[in-house]
Amino acid sequence: MTGGTAEAAAATRRVFFGAYTTWSGGAQGIGVGTYDTANGQLATTGVIKGVVNPSFVIESRDGRFLYAVNETSDGEVTAIDASTLKVINKQPTGGADPCHLTLDLAGKHLITADYSSGSLSVFPLRRDGGIGARTQKVQHEGSGPDPERQEGPHAHHIVFDPAGRYALAVDLGADAVFGYSFTGGRLDLVSTAKLAPGAGPRHIAFHPDGKRAYVANELDSTIVACAYADGRLTPGQVLETAPPSAVRNYPAEVVVSGDGRFVYLSNRGHDSVAQFAVDGAGLALVGHTPVGGKYPRHITFDPSGRWLFAANQNSNLVTSFAVDAATGRLTPSGTPLRTEIPVCVLPVRSR
């Protein structure tokens, strides 16, 4: 390999795209691609076929495997070998429409959030990366004032705190974030944090210090700065995520910069990424960056924190942004990538 070729190879990292396959104009499975670490330019290289509605995809702790939800009424979760891109196996979640999943700190258990059934499902992982049969199902309870979206519980997000001791499950239907301890492969409820009636909490992101967290509320277009300790979330300051508009706005993903100085949130409807500066226990709005597409469902940083990617569900585009380390400012970079109904972007930690 020549020096120039080696440099080119070193400048490319792999990325996967979660998508919907059963929708009109949908994808064939999990998209496979690369991005250029010098300019954030995305490209597609293939697809992992046979994975139905992989709307959220994560990688194992060692990067050898991928895990994807199958967002259908008969919910399943799928394991994939990240080297061969072959499906290892899949398991039923016992819940409907799983839309998110996470791994415990040890990387030995997988937990899904099943939206329509308002439940969580726990699975042990096998040595070959496959998924064992479900060992626990936790059913949420609760409802909210929105008759169309909050007739019952809707588990939308499950994530561990930075210490890996507790898992927080965000429930849009119940207007609540449930805190669970996780020992011996089992979830046990330790707290319930209630958000404003009709807020519709969707996702949560922790500050690196483990003492603060931020909740994106889908239904009332707000972000809540919270205090956090030992599995217990205490909601505090509430901020609007987009200016008033005739177009209704639905916040989706929320992420925190690696240095803990900035928080970013995707606005579906306003079609922007809102940027907030961390200000003690609260946040201060810095501004909005047009996302360059429609309905940005998922945003994420690459492992270096230099690039932010946005999956624009309703325009079949994934857009790239350079992140200014000093100001946190986002600047569009490269040509948007066209791919079918992108709803999740996974830039992997290894090349």
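**Figure 1. The hairpin of S2 and S3 in the predicted model.** In this predicted model, strands S2 and S3 form a hairpin with 5 residues between them. Within the turn, Gly-40 has a positive phi of about 75°. The two strands run antiparallel and are joined by 7 bridges, and Ile-30 has Ile-48 in S3 as its bridge partner. Strand S3 covers residues 42–49. Strand S2, residues 29–36, has 6 of its 8 residues buried, so it is largely enclosed by the rest of the structure.

**Figure 2. The pairing of S1 with S2.** Strand S1 comprises residues 12–19 and runs antiparallel to S2, with 6 bridges between them. Across this pair, Arg-13 stands opposite Tyr-35 in S2.

Figure 3. The hairpin of S12 and S13 has 5 residues between the strands, and Gly-164 takes a positive phi near 75° in it. The hairpin of S13 and S14 has 4 residues between its strands. In the turn of this hairpin, Asp-175 has a positive phi of about 50°.

**Figure 4. The largest pocket and its lining.** The volume of the largest pocket is about 1300 Å³. Its lining holds 42 residues, of which Arg-61, Val-159, Val-255, Thr-300 and Arg-349 are the closest to the pocket centre. By class, the lining residues divide into 24 nonpolar, 12 polar and 6 charged. Seven strands are labelled, namely S4 (57–59), S8 (98–103), S12 (155–160), S16 (201–206), S20 (250–256), S24 (296–301) and S29 (342–347), and each supplies at least two residues of the lining.

**Figure 5. The largest cavity.** Rolling a probe the size of a water molecule over the atoms shows where empty space is left. The structure holds 1 cavity of 30 Å³ or more, and about 60 Å³ of space lies in the largest cavity. The residues that line this cavity are Ser-55, Phe-56, Cys-99, His-156, Arg-202, His-203, Glu-253, Arg-297, His-298 and Val-343. The lining comprises 3 nonpolar, 4 polar and 3 charged residues.

**Figure 6. The surroundings of Cys-344.** Cys-344 lies in strand S29 and is buried, with a relative accessible area of 1%. Beyond four places in sequence, Cys-344 touches Phe-16, Phe-17, Gly-18, Ser-55, Phe-56, Val-57, His-298 and Ala-311. Among these contacts, Ser-55, Phe-56 and His-298 also line the largest cavity. The C-alpha atom of Cys-344 is separated by 24 Å from that of Ala-176, 168 residues apart along the chain.

**Figure 7. Gly-94 in the loop between S7 and S8.** Gly-94 lies in the loop that links strand S7 (87–92) to S8. This residue is partly exposed, with a relative accessible area of 40%. Leaving aside residues up to four places away in sequence, Gly-94 touches Gly-75, Arg-134 and Lys-137. Gly-40, the turn residue of the hairpin of S2 and S3, is 54 residues from Gly-94 along the chain, and their C-alpha atoms are separated by 39 Å.

Figure 8. The chain has a mean pLDDT of 96, and 97% of its residues reach 70 or more. Over residues 1–9, pLDDT stays under 50, and the model has 1 contact beyond four places in sequence for this segment. Where pLDDT is low, the predicted coordinates should not be read in detail.

Notes. Residues numbered from 1 in each chain as written. Predicted model: local features only at pLDDT ≥ 70, side-chain atom pairs only at ≥ 80, totals over all residues. Heavy atoms only, no water. 1 Å grid on protein atoms, 1.4 Å probe; cavity = no way out; pocket = protein on both sides within 12 Å on 5 of 7 lines; lining within 4 Å. Points joined across faces, edges and corners; volume = space filled by probe spheres on them. Nonpolar A, V, L, I, M, F, W, Y, C, P; charged D, E, K, R; others polar. Buried < 20%, exposed > 50% of the residue type's maximum accessible area, 1.4 Å probe, protein only. Contact = heavy atoms within 4.5 Å. Pairing = 2+ DSSP bridges. pLDDT = per-residue confidence, 0-100.
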